[in-house]
Amino acid sequence: KKNMQPGRPFIVAVEGNIGSGKSTFLEYFNNFEGVEVLSEPVESWRNLNGNNLLGLMYEDPKKWSFTFQSYVQLTMLQNHLKPTKASIKLMERSIFSARYCFVEKMKRDRILPHSSAAVLDAWFQWITNSMNINIDLIVYLRTSPEIVYQRIMERNRPEEKLVSLEYIQSLHEIHEDWLNNKCLHHCPAPVLIINADLDKAIIQREYQHWKSAILNEKPSTIQI
Ligand SMILES: Cc1cc2cn([C@H]3C[C@H](O)[C@@H](CO)O3)c(=O)nc2[nH]1
């Protein structure tokens, strides 16, 4: 699938649960020429003028989820709009997973009051309707909750020590609803599902197999 407007890069969003191997995926494709990788701005979430919004959110979700997700939405928008000379822009997550996965989850858990969710949604609707937030392909790193939970514990990110298996399981279900079960919500692009339970060493073969579709190298004969 060639991207429509000449001069605009082919934009890929890598989606998946916490610990699903997005960084590993991005590191692999970062080596190819013409590719610009935009990682999730976790460091900004950890330090906005001295405030660790990520930490606050995990410590007291009811109090800080709106603040955190509001800033996430801004930083993801900045990534979407960031100009690039590269022909392929690989983004870690997107403004869509912010809205349809994480905010959705917090709404369902009643962590976000409807009033706060409504404000986040008003921003999301205005942004996505008034700007060109284009994505040409979503790569869904599909995992089993138990496996990624194990990886999260081993990775040992300080803010994530409070993450429960239940949280990971429901985030998995939400990703499945969004990207695997006939796209319950608005799916902004075709979805390529990769089995990301595979071990780091083996999964490189999977990346290699899908490389031409991910890098838009030739009209992909693969029906996604
Ligand atoms: C778009 C988006 C990414 C994202 C990440 N996170 C959390 C999950 C991980 O613990 C950490 C880094 O992805 O941030 C979140 O709570 N809400 C998010 N929204």
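Which residues surround the ligand, and which are the closest? In this predicted model, local features need pLDDT of at least 70 and side-chain atom pairs count only at pLDDT 80 or more, whereas totals for chains, interfaces and linings use all residues. Residues are numbered from 1 along each chain as its sequence is written, and side-chain values use heavy atoms, with hydrogens and water left out.

The ligand is surrounded by 15 residues, and the closest are E40, Y58, Q69, R93 and E160; a residue counts as near if one of its heavy atoms lies within 4 Å of the molecule. This shell divides into nine nonpolar, two polar and four charged residues. Here Ala, Val, Leu, Ile, Met, Phe, Trp, Tyr, Cys and Pro count as nonpolar, Asp, Glu, Lys and Arg as charged, and the others, Gly among them, as polar. At least two shell residues come from each of α3 (53-59), α4 (61-81) and α5 (95-108).

For E160, a side-chain N or O atom is 2.7 Å from an oxygen atom of the ligand. A polar contact is a pair of N or O atoms within 3.5 Å. The ligand taken alone exposes 420 Å², of which the protein buries 99%, with accessible areas from the Shrake-Rupley method and a 1.4 Å probe.

The protein has nine helices and five strands, assigned as DSSP runs (helices H or I, at least four residues; strands E, at least two) and numbered from the N terminus. From that end, the elements run β-α-β-α-α-α-β-α-α-β-α-α-β-α. The C-alpha trace spans about 50 × 40 × 35 Å along its principal axes. The radius of gyration is 17 Å, which agrees with the value near 17 Å for a compact globule because the protein has 224 residues; the radius is taken over C-alpha atoms, and the globule rule is 2.2 Å times the number of residues to the power 0.38.

Definitions and conventions:
Polar contact = N/O pair within 3.5 Å; in protein donor to acceptor, adjacent residues only side chain to side chain.
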